[in-house]
Amino acid sequence: MSLLDTRVPAVVLRIDRNPFHHGTLGAVRSLGRAGVDVHVVADCAGSPVARSRFVRRLHAPPSPDASADEVLAVLRRVAAQVGRPAVLVPMDDATAIATARLREELTGSYLLPVMPSALPERVADKAELAAVCASAGLPHPRTEVPDTPARAAEDALRLGLPVVAKWSRPWLLPAGSGLRSTQVLNTAREARELHARTAEAGSPLLLQAFLPPGADRDWFFHGYADRTGTVRAGGPGRKHLSWPRGAGLTAVGRWTPNSEVTALAERVTGELGYRGILDLDFRRCGATGRYHLLDFNPRPGAQFRLFTDSAGLDVVRALHADLTGRPLPDGDPVTGRAFVVENYAPLAALRPAPGGRELAWWAGDDRVPGLAMWALWARHVSGRLRRRLGAAAEVPAQRPAPRAVMPSLTTDNEKASS
């Protein structure tokens, strides 16, 4: 029996417009290599994902601000074109939340994990996650959700500067706003000014105590909770390099045994009754040594391919196998294996990797996306450089010094007739 039921296609869904989302390419390759027909519902215009030989067909996605009804309409249109029930793989928070809410309407056309429909939204919401951790007694940074700009300044001082600022529902941030989902604030004034943009952000601002980064402190856990709630596939990984440094995505990660992180992941998943793919972020406190849960992403993390075990199982394949009734093989962890996003860490991609390594973009059996990525990345970097140089060249013109104003010698009648 093959690992996956190749009679059942997969639909990879993403609303986020990021052309460099390597997790989407990872899902396409993982399923396509196993013989599954992969349909991609995402904006792939100019993206290397569109060049993969494992894409069966591209479909136009919902708009970034699409309503639930609009998402449903798109998925029904895609289902009609696919022509048979498919495993649905949401790749971002917005689609994971929407499809969980729409599960009943999608039944018959798509296969999805069974769990409370509001649970993905609850764990993806940063403020809700803080409440979940507090009620379950899970380590989590001290969190405040201020209701006014003045209160934000007070809370920042109370937590102790610097503080971490997060928008509770980052998937609602409008494109082009310049607002970041997470940032470090160094002054109370920054907290006050950021809170003043709450209406623009579309969700509340929360402030968290800052846990300093450091060697061996940033960890993540990827897994798949099957229909029984057992966490399968995946494992714990250590972040060796992030982009941007210290607070961004994993540019270099390594599969590293960590029983404490694994136990925390299984505990939170079990207590919530969560089913499906999960991506958790942890940071170890340098003072106490405790691992704090920072984020719960109810979908595959972009570096999920790091956790491909000796049986060839990863979390996306586990999802497909479980939902189609295939048994999940018990493979061994490939500890020491590395995952490198080569456009963010080119030197790491060139160094020897004795424990094995997978690159985000380049693959010997699917070369075109890797080549397309470098061409797109060169245009992206050069465009940013030109904009920066252009901004630096725009020096405000010097205003002439004001001249002394002499009293007017004209009468009101003379002004009226001039």
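Modeller: Helices (H or I, at least four residues) and strands (E, at least two) are DSSP runs, numbered from the N terminus. By that rule the protein chain has 14 helices and 16 strands. The model is predicted, so local features need pLDDT of at least 70 and side-chain atom pairs pLDDT 80 or more, while totals for chains, interfaces and linings use all residues. Residues are numbered from 1 along each chain as its sequence is written, and side-chain values use heavy atoms, with hydrogens and water left out.

Biologist: What box do the C-alpha atoms of the protein chain fill, and what share of its residues is buried?

Modeller: Taken along the principal axes, the box is roughly 100 × 50 × 50 Å. Buried means under 20% relative accessible area, exposed over 50%, partly exposed in between (1.4 Å probe, protein chains only). Of the 418 residues in the protein chain, 50% are buried.

Biologist: How should I read the faces of a strand, and which residues of strand S1 lie on each side?

Modeller: In a regular strand, side chains alternate between the two faces of the sheet. In strand S1 (residues 10-13), Ala-10 and Val-12 are on one side, Val-11 and Leu-13 are on the other, and all are buried.

Biologist: Which residues stand opposite Val-11 and Val-12?

Modeller: Two strands pair if DSSP finds at least two bridges between them. S1 is joined to strand S4 (residues 86-90) by 4 bridges, in parallel, and Val-11 stands opposite Leu-88 there. S1 also pairs with strand S2 (residues 38-41) in the parallel sense, over 4 bridges; in S2, Val-40 is opposite Val-12.

Biologist: What handedness has the unit made by S1, helix H1 and S2?

Modeller: A crossover is right-handed if, with the strands pointing away from the viewer, the path from the first strand over the helix to the second runs clockwise. S1, helix H1 (residues 22-33) and S2 make a right-handed β-α-β unit.

Biologist: What is the strand order in the open sheet of 7 strands?

Modeller: The order is S14-S13-S10-S11-S12-S15-S16, and the pairing is mixed. Strand S14 (291-297) and strand S16 (357-359) are the edges, each pairing on one side only. S15 and S16 run parallel and are joined by 3 bridges; Phe-339 has Glu-358 in S16 as its bridge partner.

Biologist: Where is Ala-233, and what is its phi?

Modeller: Ala-233 lies in strand S11, and its phi is near 55°, a positive value in a residue other than glycine. Asp-216, not a glycine either, has a positive phi of about 65°. Asp-216 sits in the loop between strand S9 (205-209) and strand S10 (218-225).

Biologist: Why does Asp-330 count as exposed?

Modeller: Because its relative accessibility is 70%. Asp-330 lies in the loop between helix H11 (315-323) and strand S15 (338-340).
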